[in-house]
Amino acid sequence: MSAEQTTVIIQRYLDALPGNTASEPLVQELLERAVGRLRLLCATLLYKSYPRLTRPPTNMETDELLGGVVAGLLTALRTTRPPTVRRFFALANQHMRWQLNDLARRLDQRPAVAELAESVVVAPPASTASGISPDGRRILEVIEGLPEDEREVFDLVGIQGLTHAEAATVVGVSEKTVQRRLNRARVLLAERLADLHPATSCEPTPPGDTPSP
C-alpha cells in the first residue's frame, strides 16, 4: 500500500470516530492501519535521539516503545479526537517522548552504585530534560514558537532525523513541500536565535547535545 493510500485510509478512520463515545474496535483498526508509520517514528526517535536507552541496563527496543505508544493511544483516543492525520501523528509523537523522557529520568535517578557498575561500558551521556542548558531551553522555546507546519517538519527532520521522504510520508505532503517548510523553519530559527553564539549552520544543535570541538 502506498503512503498516499495509507494517509487516506487513516483519515477515513479519524473521520469515522464518534465525537463523544468510545469505539474501541474502530480505534484498534485505526492503529493497525497506522502501525507501520508509528514503528518508523518509534525507531527513528529511539535510536537517533535516545540511543542511551537502547543499551544496558534498559535495552529498549523499537517494538517495546511501539507497544507502549499504542497502549497510550488506545486510552487517549477514547476521549481525544485528532481531526487530521497530522494531528494524529503529533499525538503519537507526544506519547513517544513522554515514555522515553520518563525512562531517561528513571535511569538518571538510579543509585550511584548501579551507575558505577554500569560504568564498565563507557557510553556518551544522552540528553535529558534536567541537563538542558539555558541556550538549549531557549532553542526549545523558539522551536515551539514556529508556525505549526514548519515546526512539525523541523521536528521530524531536524530533531528526529527522518529523511525528507519519510517526513513527507508521515505528514502526508510531497517532498518538495517538506523541503520548503524546512527551509522556512531554518530561516526563522536563524533570525530568532541570532543573539546566540554564531554558528556555521542555520540549524541549531538539538538541546542537550554538545558540538564536537
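**Helix packing and loop features in a predicted model**

Q: Which residues in H4 do Leu30, Leu31, Ala34, Arg37, Leu38, Leu41, Cys42, Leu45 and Leu46 in H2 meet?
A: This is a predicted model, in which local features need pLDDT of at least 70, side-chain atom pairs count only at pLDDT 80 or more, and totals for chains, interfaces and linings use all residues. Residues are numbered from 1 along each chain as its sequence is written, and side-chain values use heavy atoms, with hydrogens and water left out. A contact means heavy atoms within 4.5 Å, while helices (H or I, at least four residues) and strands (E, at least two) are DSSP runs numbered from the N terminus. The residues of H4 that meet those of H2 are Val85, Phe88, Phe89, Ala92, Asn93, Met96, Arg97 and Leu100.

Q: At what angle do helix H2 (residues 24-49) and helix H4 (residues 85-108) pack?
A: Axes are lines fitted to C-alpha atoms, for helices over the stretch in contact, and angles run from 0 to 180 degrees between N-to-C directions. For H2 and H4 the axes lie 10 Å apart, and the angle is about 50°.

Q: Which word describes how H2 lies to H4?
A: Angles under 35 degrees count as roughly parallel, over 145 as roughly antiparallel, 65 to 115 as roughly perpendicular and the rest as oblique. Since H2 and H4 pack at an angle of about 50°, H2 is to H4 oblique.

Q: How many aromatic pairs does the structure hold?
A: Rings of Phe, Tyr and Trp (its six-membered ring) pair if their centres lie within 6.5 Å, with planes under 30 degrees apart counted as stacked, over 60 as edge-to-face and the rest as tilted. The number of aromatic pairs held by the structure is 1.

Q: Is the pair of Phe88 and Phe89 stacked or edge-to-face?
A: The ring centres of Phe88 and Phe89 are 5.1 Å apart. Their planes stand at 75°, so the pair is edge-to-face.

Q: What is the relative accessible area of Asn59?
A: Asn59 has its place in the loop between H2 and H3, and its phi is near 50°, a positive value in a residue other than glycine. Buried means under 20% relative accessible area, exposed over 50%, and partly exposed in between (1.4 Å probe, protein chains only). Asn59 is partly exposed, with a relative accessible area of 40%.
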